Amino acid sequence: MGWAIALHGGAGDIPLSLPPERRQPREAALRHCLQVGVDALKAQKSPLDVVELVVRELENNPHFNAGRGSVLTTEGTVEMEACIMDGKTKKCGAVSGLTTVVNAISLARVVMEKTPHIYLAFDGAEKFAREQGLETVDSSNFITPENIERLKQAKEANRVQVDYTQPVEKETPTVHGDSQIGTVGCVAVDNDGNLAAATSTGGLVNKMVGRIGDTPIIGAGTYANNLCAVSATGKGEAIIRGTVARDVSALMEFKGLSLKEAAAYVVEECVPRGTAGLVAVSAKGELTMAFNTTGMFRAAATEDGYTEIAIWPSC
Amino acid sequence: MERNMGGWAIAVHGGAGVDPNLPQQRQEEAKQLLTRCLNLGIDALRSNLSAVDVVELVVRELETDPVFNSGRGSALTAKGTVEMESSIMDGLGRRCGAVSGLTTVKNPVSLARLVMERSPHSYLAFAGAEDFARQQGVEVVDNEYFITEENVGMLKLAKEANTIMFDYRIPEAGGLETCSAVVESPILMNGLPISVYAPETVGCVVVDSQGRCAAATSTGGLMNKMSGRIGDSPLIGAGTYACNLCGVSCTGEGEAIIRGTLAREVAAVMEYKELGLQEAVNFVIRERLDEGKAGLIAVSNKGEVAWGFNTTGMFRGCATEDGFMEVGIWD
């Protein structure tokens, strides 16, 4: 068998013309985060530890829409959410509406492990973070100049927007399309078939204050059971409606599809074109990365030496 | 669109997990409310209202009446306030709307519907949801409106129960009877004594005469919950789900419902395993709950209605176009 890990930094209408200065830092980040995950798996860390670790790295990186680098609400603030799930026990934790917690995914894990609840949000979640001694910083620390510019553009275009459209160029909205993405996530499986999934995000640019997306909703953006672990990204509203993460597993279980077939089916049939992507691993050590958008920032590796870091479709 | 050969059908619930020592008067009160709600829904269906209109209408009634744990009569947070949540889903197009952390909105299910229809999003919570409510001009009231004397008493018991797990008698106040759970082996839900923590979330599922399904769920959540805690009711796929095949609303242990993605599960086995409605409901209750305790109601696009629960009782009622009608609590 062997371990396997896959991670993503968002699916959407990533223009093929993405200039090197915007592409390279992200590729480097994906490479780095993948290495962090691989090292942890080699060191026999549990998949649950691994996915939390990798997502923390992605949150700390300002090039992705999670933690630092989160996109902004319509009021120019940051509201972060995250979710983690352990496949073996199906225990899960989720948080929304965070404004000062440095690593939302870690708070989600604490909710899972230290409360009888699954999901805490807004003021209650922030208060809990302080009680638990998690690292918090002033909210301004998450805000990057790029995202301030993105918000400005989105307001001008009067729409919610992707996180990686270049803020400096004044191209017309139609060039970038209307895809809405951003989110980071990681799934992992160890040699014993233990699975875990984690997802984290700042949400949609120019979102209404209080808007919750698919990421913290078990079965939509995040899911893991004893068959597979899934983390999705894309247009939150479509992923919720399509119960994307859960359906990958349901197709494997109820229709006998393979991991790859199930993932392909979900992105083709359960959500509209241009709205979603996902990474998934199975208890047997298989992995798949599927998306119906122009591209998806992603990286993956398996114990037998396979490695991939990519943005657009491989073939 | 295929003509629905089966006619319309409707089901309502007021929570799975009932204290077996619930006083007779309370049981009657509950059954009367369920009956009234069913009749409201039936009238609406006969007037050709769509499924999503009917579920909203019925859940509004359940929210307004203080008997169950939603809207007025909601369970209280640890701070003694009310934080309500709800979700609604229209099987046609699988459109959905959800809200959490409401403190002044009189009918959470209606705000959930507005999120679905008047916002670019699917889920709004806390201050943002309250702002949206005001923008939309929905009826808002003081938080006190939702708080009942009975629940203030229950919160006190809940706080006591956190440290001592015995003596669940409701304090004598304005004619409330004592209601004691069996001390030796109390029935627990969410790990807590049911006489104090009975979920009593409300919900409604409907299939109309065009074969369209819809579902809605509403709740005040867990008594003595941490402020900011979100349960299964506003989570699409967990507490609520509807698609072209069916409409489902769940109630019980929030954690178990979320982990089991219960509402979606019923639809998924119908869709992917081609089970019929009752088979699907039975399968999910039997196989997807592990040690969790929950119940659900469901309708199919063929005009069928079904329910299932692995708890001690579920407040429920259902009716179909051919004249069948039933309200019940126990097995």
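In chain A, the mean position of the 30 positive charges and that of the 38 negative charges are 1 Å apart. For this count Lys and Arg are taken as positive and Asp and Glu as negative, with His and the chain ends left out; each charge is placed at NZ of Lys, CZ of Arg, CG of Asp or CD of Glu. In chain B, the corresponding mean positions, for 28 positive and 43 negative charges, are 3 Å apart.

The model is predicted: local features require pLDDT of at least 70 and side-chain atom pairs count only at pLDDT 80 or more, whereas totals for chains, interfaces and linings use all residues. Residues are numbered from 1 along each chain as its sequence is written, chains are lettered from A and ligands numbered from 1 in the order in which they are written, and side-chain values use heavy atoms, without hydrogens or water.

Chain A contains nine helices and 12 strands, where helices (H or I, at least four residues) and strands (E, at least two) are DSSP runs numbered from the N terminus. Its radius of gyration is 18 Å, close to the 20 Å given by the globule rule for 315 residues, so chain A is as compact as a globular protein of that length. The radius is taken over C-alpha atoms, and the globule rule is 2.2 Å times the number of residues to the power 0.38. The C-alpha trace of chain A spans about 50 × 50 × 35 Å along its principal axes.

Phe122(A), in helix 4 (residues 122–131), has a positive phi near 55° and is buried, with a relative accessible area of 10%. Thr243(A), in the loop between helix 7 (236–241) and helix 8 (244–255), has a positive phi of about 35° and is buried at 2% relative accessibility.

Chain B has nine helices and 15 strands. Its radius of gyration is 18 Å, close to the 20 Å that the globule rule gives for 331 residues, so chain B is as compact as a globular protein of that length. Along the principal axes, its C-alpha atoms fill a box of roughly 55 × 45 × 35 Å. Buried residues account for 64% of the 331 residues in chain B.

Within chain B, Asn69(B) occupies the loop between helix 2 (51–64) and strand 2 (84–90) and is buried at 4% relative accessibility. Leaving aside residues up to four places away in sequence, Asn69(B) touches several residues, including Pro199(B), Glu200(B), Thr201(B) and Gly220(B). The side chain of Asn69(B) reaches the backbone nitrogen of Gly220(B) at 3.1 Å.

Definitions and conventions
Buried < 20%, exposed > 50% of the residue type's maximum accessible area, 1.4 Å probe, protein only. Contact = heavy atoms within 4.5 Å. Polar contact = N/O pair within 3.5 Å; in protein donor to acceptor, adjacent residues only side chain to side chain.
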